[in-house]
Amino acid sequence: MPEYCEIKLRGHLDPHWSDWFTGLELTHLEEDETLLCGMLPDQSALHGLLERIRDLNLSLISVNCGGRSSQDLNQE
């Protein structure tokens, strides 16, 4: 079942990495962080994405899946 996910990483990733992260949208945040967000087809896709993050030795800050996006919550 497809699910919306947000993954926050330490540092600013170059936008060309978007394809490597299964087409998720990359957004640079002010705190020297990058937010990856978008729909993932299932939990196995999420685990594969987390493996890629590990393989690149990126610092994972948070993972939030399901429910509404943080952008939706900020608009309320």
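This is a predicted model: local features need pLDDT of at least 70, side-chain atom pairs count only at pLDDT 80 or more; totals for chains, interfaces and linings use all residues.
Residues are numbered from 1 along each chain as its sequence is written. Local features need pLDDT of at least 70, side-chain atom pairs count only at pLDDT 80 or more, and totals for chains, interfaces and linings use all residues, while side-chain values use heavy atoms, with hydrogens and water left out.

Select cysteine 5 and cysteine 65. They form the one disulfide in the structure (a pair of cysteine sulfur atoms within 2.5 Å), with an S to S distance of 2.3 Å. The link joins distant parts of the chain, 60 residues apart: cysteine 5 lies in strand S1 (residues 3-10) and cysteine 65 in strand S4 (residues 60-65). Strands (E, at least two residues) and helices (H or I, at least four) are DSSP runs, numbered from the N terminus. The link is right-handed, with 115° about the S-S bond.

Now colour by accessibility. Cysteine 5 is buried at 2% relative accessible area, whereas cysteine 65 is partly exposed at 25%. Buried means under 20%, exposed over 50%, and partly exposed in between (1.4 Å probe, protein chains only).

Next, select the largest nonpolar core: Cys5, Ile7, Leu9, Leu13, Phe21, Leu24, Leu26, Leu36, Leu40, Leu46, Leu49 and Ile53. Such a core is a set of buried Ala, Val, Leu, Ile, Met, Phe, Trp, Tyr and Cys residues joined through side-chain atoms within 4.5 Å. S1, strand S3 (33-40) and helix H1 (43-55) each give two or more residues to this core.

Finish at leucine 40. Leaving aside neighbours within four places in sequence, its contacts (heavy atoms within 4.5 Å) include Met1, Cys5, Leu24, Leu46 and Leu49.
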